Amino acid sequence: MDQYMANQKEREKNNAFMHYTHISVDLVEKDHALTSMEIFPEGLNPFGMVHGGLLDTMMDNAAGSAVHTDGRSYVTQTCTLHFLRNRGTGKIIGEGWVVHRGRATALVKVELRDEAGAVLALGEFTFFCVTKDK
């Protein structure tokens with residue numbers, strides 16, 4: 001296991017909500033992360049599709065996993081989401097990559113796709129760095 005994944009696994013120990021929502025982080029490398037989730041019955045809205053809040057959570061996890069690869073600590077400051085389509089069964093794959101990294105903030109783009117590659121949602125997340133300057 002490389003250092004990026006080792007750091008991710010350590011951070012996951014304190015992320016109970018990610019486990020509760022069945023999200024797994026499959027790949028972490030510098031400024032990039034892949035997540036996935038098998039759609040589960042408790043994650044569906046009344047229309048039988050994945051709840052929008054769960055899609056947001058999945059995007060936040062993909063973005064957060066990508067942004068933390070510089071070794072600093074961040075919290076989500078803002079997010080903009082575009083829900084394009086949805087699914088009620090199968091697997092969803094999330095991909096996040098850092099677009100810009102500054103002293104205090106970072107911008108991360110995220111894309112959710114189904115197993116066939118159809119784009120389900122797009123997002124942009126701004127993270128605020130909470131690591132104190134040394």
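1. Thr76 has Phe127 of strand β6 standing opposite it. Two strands count as paired if DSSP finds at least two bridges between them; strands themselves are DSSP runs (E, at least two residues), as are helices (H or I, at least four), numbered from the N terminus.

2. This is a predicted model, in which local features need pLDDT of at least 70 and side-chain atom pairs count only at pLDDT 80 or more, while totals for chains, interfaces and linings use all residues. Residues are numbered from 1 along each chain as its sequence is written, and side-chain values use heavy atoms, with hydrogens and water left out.

3. β6 also pairs with β5 (residues 105–114), again antiparallel and over 9 bridges. Here Leu107 stands opposite Thr126 of β6. The hairpin of β5 and β6 has 4 residues between the strands, and Gly117 takes a positive phi near 95° in it.

4. The open sheet has 6 strands with antiparallel pairing, in the order β1-β2-β4-β5-β6-β3. β1 (24–29) and β3 are at the edges with a single partner strand each, so one side of each has no neighbour in the sheet.

5. Helix α3 (residues 52–67) lies across β1, β2 (32–38), β3, β4 (91–101), β5 and β6. α3 runs at about 45° to β4. Contact means heavy atoms within 4.5 Å.

Notes: Axes fitted to C-alpha atoms, helices over the stretch in contact; angles between N-to-C directions.
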